Amino acid sequence: MMFLDRLDLQCLIEQLLQLGFDVIGPRVDQGAIVYDSLRSIGDLPKGWTDEQGPGRYRLVPSGEEMFFGYVIGPHAWKKYLFPPLLDVLRSRRDDDQQWTMEVIADPPVKRALLGVRACELAAIAIQDRVFMSDTYVDSAYATRRHNLFLIAVNCAQAASTCFCTSMDTGPRCTQGFDLALSEIDDGFVVEVGSEAGAELAERLPLRPATPLEIERADQRTERAVHQITKRLDTTDIHDKLLSRLDHPQWQDVAERCLSCANCTMVCPTCFCSSVDEVSDLTNDEIVRQRRWDSCFNVDFSHCSGGAIRHTTRSRYRQWLTHKLASWVDQFGMSGCVGCGRCITWCPVGIDLTQEVATICEDTPVCEDTP
Amino acid sequence: MHIEQRAQLDRSILGEHLEPAKLDALLELGEWTHLQPGSVLFREGEAIQHIFVLLAGRLNLAMQVPGRGDCHILTLGAGELVAWSAVLADGTMSCTALCVDEAKLLAVDAAKIQAQIKNDPEFGNQFMKMLASALAKRLVATRLQLLDLFKRE
Amino acid sequence: MKTLAQPATARQPATSHNPWLVHRALIEAIRPEVADVATYYLRLADTRLADNYRFLPGQFNMLYVPGCGEVAISMSGPISSTGHELLHTIRLAGRVTDAIIKLREGDSLGLRGPFGTAWPVAECVGRDVIVVAGGLGMAPLRPLLYELMGRRGEFGKVVLLVGARSPDLMLFEEEFARWRALDIQIELTVDRAINGWAGSIGVVPLLLDRLEPLNASQSVVMICGPEVMMHYAALAALRRGIAKESIWISMERNMQCAVGQCGHCQLGPHFVCKQGPVFRFEAMEPYLKYRDF
């Protein structure tokens with residue numbers, strides 16, 4: 001373990017900029033901590049912390065001088081790997097009125113993500129599996145992923161909406177990063193996680209971390225663990241959810257759910273998309289654009305003249321059973337990393353951990369006969 | 001009767017609901033009939049005293065519609081019951097039954113069935129369950145036919 | 001990333017190519033079938049691509065009208081045709097198909113594929129095959145029927161049960177005589193008859209109820225049509241004693257990427273574009289009864 005003085009974080013950012021990276025990290029914008037380009041440590045949300053609850057998010061002064069003294073905001077890193085809008089195909093009509101199609105290659109851009117939490121590393125790993133591990137690899141995702149430098153940050157606090165411990169994804173960062181930082185008063189305990197990370201470390205004014213510094217870093221991460229109060233019981237969750245598709249709770253939550261799709265937008269693993277045709281004025285050049293979509297949108301399941309999931313109940317059920325059950329069948333792991341964003345950013349404060357608890361409760365009345 | 005015929009009866013809706021002894025009793029009450037294609041088993045509006053089990057061949061059910069004439073609405077095949085209102089109601093037929101493929105039927109006098117039911121309540125129980133099951137199955141098939149007929153496209 | 005070096009495009013595994021890649025296909029012929037339905041004979045413009053194109057019965061292509069969008073259409077012709085003559089039987093059903101039916105012979109559109117799972121012809125070898133078609137469901141089944149006819153000696157009895165709304169909507173009816181001559185037993189039924197109709201009247205599962213003789217343990221059933229029809233046809237097959245694992249259906253859902261990455265076609269854990277459209281009935285059974293899952 002190495003140590004980086006507080007202000008030398010600036011050096012880390014500058015080295016990355018010099019190497020041609022776009023450095024992206026947390027900034028305060030319109031009352032929230034979002035991800036955007038950084039050029040200096042002055043851009044970071046020093047001294048801020050977040051208070052989160054179902055349908056509630058506030059930034060308040062933390063009283064400390066920490067750069068990373070908050071949890072997570074509405075942005076997920078997925079917008080850099082799986083962008084909200086992406087051109088994928090171009091079709092041109094020639095003078096003979098014949099169309100020629102060509103795929104649009106995403107130009108490779110180096111991006112360094114500063115401040116990736118453990119739950120977010122897990123989410124990236126999940127989307128790696130969705131987009132890169134099958135016969136067809138999403139080439140834009142693969143190119144962006146290939147050119148990504150990840151600087152993780154170990155959480156020193158938890159929000160009331162966090163439940164990463166239930167999903168076994170945090171709060172400690174154990175893998176998937178190039179560098180991992182644990183912030184204490186004087187600076188950062190630095191862990192190298194890859195060859196690229198080691199390469200960058202060589203360019204930084206690092207010194208070996210003292211045992212006391214390491215201990216203080218561990219204590220902060222332990223504090224995060226103890227601050228986690230929310231739990232999701234994942235015992236038999238796959239079988240229980242998929243065998244209780246008629247549970248009355250689905251109707252109950254449907255009466256509260258606005259089908260607004262906020263949860264899918266803030267979720268770091270949601271990957272649904274749609275394609276649109278965008279043409280120039282002459283209609284001789286058409287671009288196919290892929291954009292984020294959501295299973296909560298009514299027309300998402302449009303087929304044979306109508307939407308198959310034509311009720312909020314059926315759409316909420318789809319989202320939850322996919323995220324926590326079907327996802328396991330598809331990708332070998334849960335789709336949920338326990339970040340709690342869907343709880344915070346739900347306008348009506350629906351908490352999926354509570355919905356699951358009700359549905360999976362073992363009373364004879366509630367269970368479907370399979 | 002032939003082993004094969006009995007086997008077919010056992011596999012039909014009769015065999016599904018009537019225990020062997022009851023099925024035997026029913027066969028005792030009935031008579032075998034053959035129909036040639038084009039012949040009419042009964043007409044719409046006619047009062048019928050027999051209930052039929054179709055063992056082989058096909059019958060079409062048709063209804064008269066003023067201005068359109070005879071409309072064929074359903075084909076019945078082997079194993080199906082015909083003219084149950086002879087037992088359940090006053091025997092007035094709601095359709096004409098027309099033979100399409102050479103048919104073999106078991107015809108059973110409704111009065112004889114009523115007598116059997118009186119003497120053997122368990123026979124009555126099983127026979128009525130069989131009728132209900134046949135009606136339910138016909139209803140589902142009719143509903144599916146309607147769903148398709150009134151599809152939007 | 002491996003090193004901090006120059007930005008690079010990620011290496012793709014050898015087996016994959018960019019799934020968004022669309023190829024030009026020329027409309028060689030358009031054959032009207034029944035009302036609002038026509039078969040498009042498409043030829044891939046790139047000769048090498050056409051030579052190498054192979055598909056299996058039950059698979060589909062994404063057909064593309066630039067500026068309008070794509071639609072998933074099953075192939076309806078023989079699998080021997082390679083990419084020089086790919087038949088797609090299309091019904092006017094929405095925006096994209098509306099754009100396709102406005103195209104003429106000599107026009108081109110985009111094609112990518114083949115995608116999806118196929119009818120398991122191997123499971124039919126040595127057994128009696130019951131093919132059940134409802135309405136436009138005949139189209140994805142025709143390549144299967146051509147295979148069964150082309151290798152007729154490898155299979156036992158082959159029965160085709162066809163249902164249509166009315167006699168004039170019976171797809172490929174003009175081929176039935178030829179198919180009968182190739183030892184395919186064909187039974188027909190309509191929801192609504194016209195004068196002189198010699199077939200049955202009623203829904204298609206009723207044909208399965210009455211099918212005699214039937215060697216249930218030796219039979220496999222391949223069903224394609226509206227979802228409700230497939231469900232009841234499968235139940236009819238089960239009632240006849242045919243094993244659940246011998247029943248196959250072809251599902252339909254909204255498809256956009258066709259490679260299991262956009263999420264539209266999900267049915268429970270299955271991506272209909274990848275694990276389907278041809279599924280074992282038992283894989284679909286838990287979800288069919290919900291209709292809005």
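Me: How many aromatic pairs are there over all chains?

Reply: The count comes to 27 aromatic pairs over all chains, where rings of Phe, Tyr and Trp (its six-membered ring) pair if their centres lie within 6.5 Å, and planes under 30 degrees apart count as stacked, over 60 as edge-to-face and the rest as tilted. This is a predicted model, in which local features need pLDDT of at least 70 and side-chain atom pairs count only at pLDDT 80 or more, while totals for chains, interfaces and linings use all residues. Side-chain values use heavy atoms, with hydrogens and water left out.

Me: Why is the pair of A:F82 and A:W292 called stacked?

Reply: The centres of A:F82 and A:W292 are 6.0 Å apart and the planes form an angle of 25 degrees; the limits are 6.5 Å and 30 degrees, so the pair counts as stacked.

Me: What makes A:F82 buried or exposed?

Reply: A:F82 has 1% relative accessibility and therefore counts as buried (buried means under 20% relative accessible area, exposed over 50%, partly exposed in between, with a 1.4 Å probe and protein chains only). A:W292, at 22%, counts as partly exposed.

Me: How do you know that the charged end of B:K104 sits over the ring of B:W32?

Reply: The charged end of B:K104 is 4.9 Å from the ring centre of B:W32; the rule asks for NZ of Lys or CZ of Arg within 6 Å of the ring centre and within 35 degrees of the ring normal.

Notes
Residues are numbered from 1 along each chain as its sequence is written. Chains are lettered from A and ligands numbered from 1 in the order in which they are written.
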